[in-house]
Amino acid sequence: MEETDLRLESSLWVGNKRYRAVLTGWHFNWTEVDKKNIDKKTISVPVAEVIGVEEGRVEILPQKSIEDTDKDFTVFYVKRSSSGSSYGLLWRLGRTQFSCLSRVLRDQWTKHLRAALKTHSPLRPNRLLVFINPFGGKEKGRKIYHSLVAPLFELAGISSHVIVTERANQARDHLLKKDLTGFDGVVCVGGDGMFSEILHGLIGRTQQEAGLCENDPAATLQPCPLHIGIVPAGSTDCVCYATVGVIDPVTSALHIIIGDSQPLDVCSVHHASALVRYSVSLLGYGFYGDVLAESEKHRWMGPLRYDYSGTMVYLSNRSYAGIVQYLPADPLLSSPRDRTRCLSGCGVCSRSTERLFSHSSDAGSLYSSHLSQFSSDTEGEWVSVEGRFRCVSLTCMSSSCPKSPLGLSPSAHLADGTGDLILVWDTHPLGFLKFLYRHTSTQDQFDMPFVEVHRVKAVRFSLPPEKEEEAYEEIRGSSGGIDEEAGYIETVSRSGSQVSLAETGTGREMTKEQKTTTPFLCGLCCSKAPAVSVWNCDGEILPTTEILSRIHGQLVRLYARGIEDGAAMHNCGEENDKCDSRYTLHK
Ligand SMILES: CCCCCCCCCCCCC/C=C/[C@@H](O)[C@H](COP(=O)(O)O)NC(=O)CCCCC
Ligand SMILES: Nc1ncnc2c1ncn2[C@@H]1O[C@H](COP(=O)(O)OP(=O)(O)O)[C@@H](O)[C@H]1O
Ligand SMILES: [Ca+2]
């Protein structure tokens, strides 16, 4: 046996085969020794991907069982396999039971492996705050967490405080107000709406503690210190799919356990100097807004509500007038049409990290550089277009999801500090159908004469003056009046409870009733098409039509690593499901 610091080497047995096992600090490898040279295969596991080390012969599935033999130990680690339909890789729990010649040697192996784990994965969480939405998606959040995720957290020695929500916004309010001392991260078991609650809670809490005003659209917001883990149990699960590459609770749990860290851009949405909401995936007006408004009436259908509502809204054949202004991002850094993909270890995002945070010690200059984007001096840099649109969408990331495996903008980046603005001008119904259909394949949805895509830092949307009046009349007509005295933006969640109040002074914002009835009833049941649509902000309907939206680079961090390139990881010559070389190659 050889031993230096964290290095350890000895013979170990797996079953009746003898292996030469080596722990180098970064990797744990074992190679069968009594085999002919040509057949020798080394299994190599990065220490960062070891989930747990247990004395004895241990199994955790289907139930935990321990055979407490004193010369054995069991190592659990990440094992990859192809996901079939998705672009990312599925992660599974690999397990190997080793036997040593003595108990002393066994204790040395377990001690060294555990010490290596501590040294090489500094972001592994010890304590997590878990929120489960029992009503998300197919209402399986509780089962998913307790049967698939909790046993893995236990194996990894993570303690968790679990809250099953009883109302919308409970998770957000908890994060805004309660003591979060001792937690390393927050886990969301649910869909994009539940993620959004956690996003708002954490961003709000961080700004409160930093004394920053979220209502100021020019403020440089403070990045959140706590990581967010997403265990998918919703309807679209776009944030999970776009950051992990698969919708799979076990894969997500393993990323959380090893403390993976993926920064994420966040888009703020303001109206009349008041924060309305934050978004990470879809900020969409027109088609996507109408689909969401319609789908809320069919929540009982579960995830299928989006297919049904999508068809109905498509058939209603609507377009909307609007003025879109945008602040272009530096075209030398990247382009939404460069046909690249933001994958794990993305160079564009890493270079952005340097750019975004290189002056962070000089807080004053960073703040003023952001401010300048909105000052009158730089007004000339904004580009303005006006016309009728099928949809106007802004996304900070690809927004890929099972419905659209490459997403709304396949070359968008998770953490480059920019968003992609997609303008779909009014066109004939078949053209629009073709545009939508291309989202489901690898065909380029931007290669159409009525579609534009721009990489941007900020976007403003407003109504042409005559439409503004028409919209106001429409709102008055359908709601029986707005409380003009109040002058508040009231954001109402999908389940109907109040999300936030922000003073605006305009009194022209839609009420809850307008949001859920105006666009669809006017478009399908009445002869007159509505003058305005609504904004779909990560699955929430915004109460305002005119907005200013700005991208904040890397404002939050997820327990994820971006989509792994399956082709690069599986070059061992074995078929995916037979492959037991779990080693991350060629990053
Ligand atoms: C003819 C085939 C048409 C296929 C159109 C496919 C276009 C799909 C793009 C989907 C982008 C999704 C962006 C994510 C949005 C979610 O935040 C939001 C809320 O999700 P959840 O909390 O899970 O309910 N989902 C939606 O707004 C659904 C949009 C569906 C559009 C058809
Ligand atoms: N206990 C609860 N009861 C009702 N609504 C809830 C509850 N917990 C969370 N929500 C809300 O449910 C909405 C949808 O949740 P989500 O998990 O995203 O599911 P889905 O993907 O099916 O829409 C979110 O906006 C969230 O605020
Ligand atoms: Ca981005």
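# Cavities, a calcium site and some residues

Visitor: How many cavities of 30 Å³ or more does a search of the whole structure find?

Guide: Searching the whole structure turns up seven cavities of 30 Å³ or more, where a cavity is a set of points, on a 1 Å grid over the protein atoms alone, at which a 1.4 Å probe fits but cannot get out. This is a predicted model, in which local features need pLDDT of at least 70 and side-chain atom pairs count only at pLDDT 80 or more, while totals for chains, interfaces and linings use all residues. Residues are numbered from 1 along each chain as its sequence is written, chains are lettered from A and ligands numbered from 1 in the order in which they are written, and side-chain values use heavy atoms, with hydrogens and water left out.

Visitor: And how much space lies in the largest cavity?

Guide: The largest cavity holds about 70 Å³ of space, a volume being the space filled by probe spheres set on the points, which are joined across faces, edges and corners. Its lining consists of A242, R341, C342, M397, S398, P410, A412, L414 and I563, and lining residues are those with an atom within 4 Å of a point.

Visitor: Changing topic, which residues coordinate the calcium ion (ligand 3)?

Guide: The calcium ion (ligand 3) is coordinated by OD of D265 and of D416, and by O of C396, H413 and T418, at 2.3 to 2.5 Å. Donors are N, O and S atoms within 2.8 Å of the metal, or 3.2 Å for Na, K and Ca, and the site may look incomplete because water is not among the atoms. Along the chain, the spacing of the donors is D-x130-C-x16-H-x2-D-x1-T. D265 lies in strand β15 (residues 262-271) and C396 in the loop between β19 (383-395) and β20 (419-425), so this pair ties together parts that are 131 residues apart in sequence. Helices (H or I, at least four residues) and strands (E, at least two) are DSSP runs, numbered from the N terminus.

Visitor: Is D265 buried or exposed?

Guide: D265 counts as buried, because its relative accessibility is 1%, and C396 is likewise buried at 2%. Buried means under 20% relative accessible area, exposed over 50%, and partly exposed in between, with a 1.4 Å probe and protein chains only.

Visitor: What percentage of the 587 residues in the chain is buried?

Guide: Buried residues make up 59% of the 587. Helix α7 (residues 287-295) is mostly covered, with nine of its nine residues buried, among them F287, Y288 and V291. The chain has 14 helices and 26 strands.

Visitor: What does UniProt place at residues 123-273?

Guide: The UniProt entry, which is unreviewed, places the feature "domain: DAGKc" there; feature names are shortened, positions are given in the numbering used here, and annotations may be inferred rather than shown by experiment. In the model, residues 123-273 are 38% helix and 23% strand, and the end C-alpha atoms of the span lie 37 Å apart.

Visitor: Back to the backbone: what is the phi of E139?

Guide: Phi of E139 is near 60 degrees, a positive value in a residue other than glycine, and E139 sits in the loop between β11 (127-132) and α2 (141-155), where its 54% relative accessibility makes it exposed. S399 also has a positive phi, of about 60 degrees, although it is not a glycine; this residue belongs to the loop between β19 and β20 and is buried, with a relative accessible area of 4%.

Visitor: And what does G387 touch?

Guide: Not counting residues up to four places away in sequence, G387 touches Y320, A321, G322 and W425, where contact means heavy atoms within 4.5 Å. G387 lies in strand β19, and its C-alpha atom is separated by 8.3 Å from that of D426, 39 residues apart along the chain.

Visitor: Where is T31, then?

Guide: T31 is placed in strand β4 (residues 27-32) and is buried, with a relative accessible area of 19%. Leaving aside neighbours within four places in sequence, T31 is in contact with R18, Y19, R20, K40, K41 and T42, whereas the C-alpha atoms of T31 and E466, 435 residues apart along the chain, are separated by 75 Å.

Key: 1 Å grid on protein atoms, 1.4 Å probe; cavity = no way out; pocket = protein on both sides within 12 Å on 5 of 7 lines; lining within 4 Å.
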